[in-house]
Amino acid sequence: QGQLVESGGGLVQAGDSLRLSCAASERTFSRYVMAWFRQAPGKEREFVAGISGDTYYADSVKGRFTISRDNSKNTLYLQMNSLKPEDTAVYYCAASVRFGATVTGDFINWGQGTQVTVSS
């Protein structure tokens, strides 16, 4: 399995936007279902958005976040708009071979995470 490296996190104000990136070293990147998860302090890691052929989202981010991928660049993205303080978390990208996967146990490779902090 290749390496996944997230970037693009930071400190923003409520209502701002951020775009996260996840660079994959795996040449077979296009074959994987990719997803973003997040974990806030004291909480379990939760699914945010996934992409295989279609995209799918957690209800909490639907309409605000957009997941996309560029297979020619082996890169996954998460465009986050209208950010809220409750979006504050470490964001992780992950790879799965299961179509439509949303649970952590279905993902076989993880990045190290990037911190997103949204101030009110």
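Gln13 stands opposite Ser119 in strand S11, where strands are DSSP runs (E, at least two residues) numbered from the N terminus. The model is predicted, so local features need pLDDT of at least 70 and side-chain atom pairs count only at pLDDT 80 or more, whereas totals for chains, interfaces and linings use all residues. Residues are numbered from 1 along each chain as its sequence is written, and side-chain values use heavy atoms, with hydrogens and water left out.

**Strand S11 and its partners**

- Strand S2 (residues 10-13) runs parallel to S11 and is joined to S11 by four bridges; two strands pair if DSSP finds at least two bridges between them.
- Strand S9 (residues 89-96) pairs with S11 in the antiparallel sense over three bridges, and Val90 stands opposite Gln115 in S11.
- In S11 (residues 114-119), Thr114, Val116 and Val118 make up the covered face, while Gln115, Thr117 and Ser119 make up the uncovered one.

**The open sheet**

- Four strands form an open, antiparallel sheet in the order S1-S3-S8-S7.
- Strands S1 (4-7) and S7 (65-70) stand at the edges with a single partner strand each, so one side of each has no neighbour in the sheet.
- From one strand to the next, the twist averages 15° (axes are lines fitted to C-alpha atoms, and angles run from 0 to 180 degrees between N-to-C directions).
- S1 and strand S3 (residues 18-24) are joined by four bridges and run antiparallel; Ser7 stands opposite Ser21 in S3.

**Aromatic pairs**

- The whole structure holds six aromatic pairs (rings of Phe, Tyr and Trp, the last by its six-membered ring, with centres within 6.5 Å; planes under 30 degrees apart count as stacked, over 60 as edge-to-face and the rest as tilted).
- Phe37 and Phe107 form an edge-to-face pair, at 5.0 Å centre to centre and 80° between the planes.
- Phe37 lies in strand S4 (residues 33-39) and Phe107 in strand S10 (residues 107-110), so the pair ties together parts 70 residues apart in sequence.
- Phe37 counts as buried at 1% relative accessibility, and Phe107 counts as buried at 6% (buried means under 20% relative accessible area, exposed over 50%, partly exposed in between, with a 1.4 Å probe and protein chains only).
- Ring pairs link Phe37, Phe47, Tyr56, Tyr92, Phe107 and Trp110 into a cluster.
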